[in-house]
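Please look over the sequence and the model shown here before reading on. The report is meant for someone meeting this structure for the first time.

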Amino acid sequence: MRADAAFDEASALIERLLDDDVWTRYSALVRARPAGFRIAALVRPPDGEDEARWLERARTLDAPFGLHTHWTAPDHARPTGGDPAALVREQGEWLRSNGLDARLFCGGGWYFDADLASAVAGLGYADCTATAFRP
């Protein structure tokens, strides 16, 4: 899988939840349970996509659920302006208001800073952004 559905041994970044190919591949990964792991779904919220269809699909995810924020655009993960922490709070509240119980977070482009850490903690999320390399 590529960046649109990249994964490690226990999570998948689902950046295009409404893409049928991504959905099919993610579903197969979840069923396969590689090495016995449940695969967490770290999902980018809709940005101009059909929210009703997005919510319908997100509610069927049979996996630990998390927020994956892209700061600039669906195809541009790292921030180029604005307030990243405020965006995460906004997206987290949107998920909650739509009945989705996110527990995990992964910053797009592996972006994370102190203000973002505070917002993620305030939402009660466990952060999955850390890498073994410097982005």
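What follows describes the overall build of the chain, then its surface and charges, and lastly its cysteines.

The structure is a predicted model, and its protein chain contains four helices and five strands, which from the N terminus on are arranged as β-α-β-α-β-α-β-α-β. The radius of gyration of the protein chain is 14 Å, close to the 14 Å given by the globule rule for 135 residues, so the chain is as compact as a globular protein of that length. Taken along the principal axes, the box filled by its C-alpha atoms is roughly 35 × 35 × 25 Å. Of the contacts in the protein chain with a separation of 6 or more, 62% are made by residues 24 or more positions apart.

The protein chain carries 15 positive and 21 negative side chains, and 5 Å separates the centres of the two sets.

Turning to the cysteines, the structure holds zero disulfides. Cysteine 106 is in no disulfide, because the nearest cysteine sulfur, that of cysteine 128, is 6.5 Å away, whereas a disulfide requires two cysteine sulfur atoms within 2.5 Å. Cysteine 128 is likewise in no disulfide. The table sets out the accessibility of these two residues.

| Residue | Relative accessible area | Class |
|---|---|---|
| Cysteine 106 | 1% | buried |
| Cysteine 128 | 31% | partly exposed |

Note on methods: Residues are numbered from 1 along each chain as its sequence is written. This is a predicted model: local features need pLDDT of at least 70, side-chain atom pairs count only at pLDDT 80 or more; totals for chains, interfaces and linings use all residues. Side-chain values use heavy atoms; hydrogens and water are left out. Buried means under 20% relative accessible area, exposed over 50%, partly exposed in between (1.4 Å probe, protein chains only). Helices (H or I, at least four residues) and strands (E, at least two) are DSSP runs, numbered from the N terminus. The radius of gyration is taken over C-alpha atoms; the globule rule is 2.2 Å times the number of residues to the power 0.38. Contact means heavy atoms within 4.5 Å. Lys and Arg count as positive and Asp and Glu as negative; His and the chain ends are not counted. The place of a charge is taken as NZ of Lys, CZ of Arg, CG of Asp or CD of Glu.
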